Amino acid sequence: PCRRDGSSEHEVVFLLVQRALALAALAPRVLEYPVWARWNPVLLVSPLFRSRAVWRVEFSGYAAQKHRAVAAYATQTEPTPPWPKSVLPPGFLSFFSAGEEFFFEP
């Protein structure tokens with residue numbers, strides 16, 4: 001995920017990956033994927049300006065696979081007691097049904 005995605009869990013994952021790569025003395029190409037940043041356009045400004053490149057990747061024909069992948073996060077996409085609704089706000093999942101995805105290359 002993006003380093004400043006708007007989710008504390010995603011931001012920590014980014015830092016953990018960076019630390020693991022440094023400890024392993026690896027320097028692969030790293031692409032950042034916006035998850036929550038897509039919901040809040042203000043969060044997209046920073047990666048846009050600090051990226052060397054923004055990659056648009058076409059995923060046409062993979063709607064069913066993408067739907068299954070997102071549905072695997074049942075604690076986020078389904079009502080989980082004591083909450084009567086899913087954790088994710090209405091409309092959020094529509095971002096992941098598009099035929100394209102965007103990645104930022106820092």
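Which residues make up the largest nonpolar core? In this predicted model, that core has six residues, namely Tyr33, Val35, Leu88, Phe92, Phe96 and Phe103. In soluble globular proteins, nonpolar side chains tend to be buried together.

The confidence of the prediction may be considered next. The protein chain has a mean pLDDT of 89, and 100% of its residues reach 70 or more. Among the elements of the chain, helix α1, residues 8–23, has the highest mean pLDDT, at 95, whereas helix α2, residues 41–50, has the lowest, at 80.

Ser7 is located in the segment before α1. Ser7 counts as buried because its relative accessibility is 7%, and buried means under 20%. The side chain of Ser7 is joined to that of Glu9 by a polar contact of 3.1 Å. Ala25, by contrast, belongs to the loop between α1 and α2. With a relative accessible area of 69%, Ala25 is exposed.

The backbone has two further points of interest. Most residues other than glycine have a negative phi, and most peptide bonds are trans. Ala25 has a positive phi, near 55°. Pro81 and Pro82 are joined by a cis peptide bond, with omega about 10°. Pro82 is placed in the loop between α4 (74–77) and β2 (100–105).

Notes: Residues numbered from 1 in each chain as written. Heavy atoms only, no water. pLDDT = per-residue confidence, 0-100. Helix = DSSP H or I, 4+ residues; strand = E, 2+ residues; numbered from the N terminus. Core = buried A, V, L, I, M, F, W, Y, C linked by side-chain atoms within 4.5 Å. Buried < 20%, exposed > 50% of the residue type's maximum accessible area, 1.4 Å probe, protein only. Polar contact = N/O pair within 3.5 Å; in protein donor to acceptor, adjacent residues only side chain to side chain.
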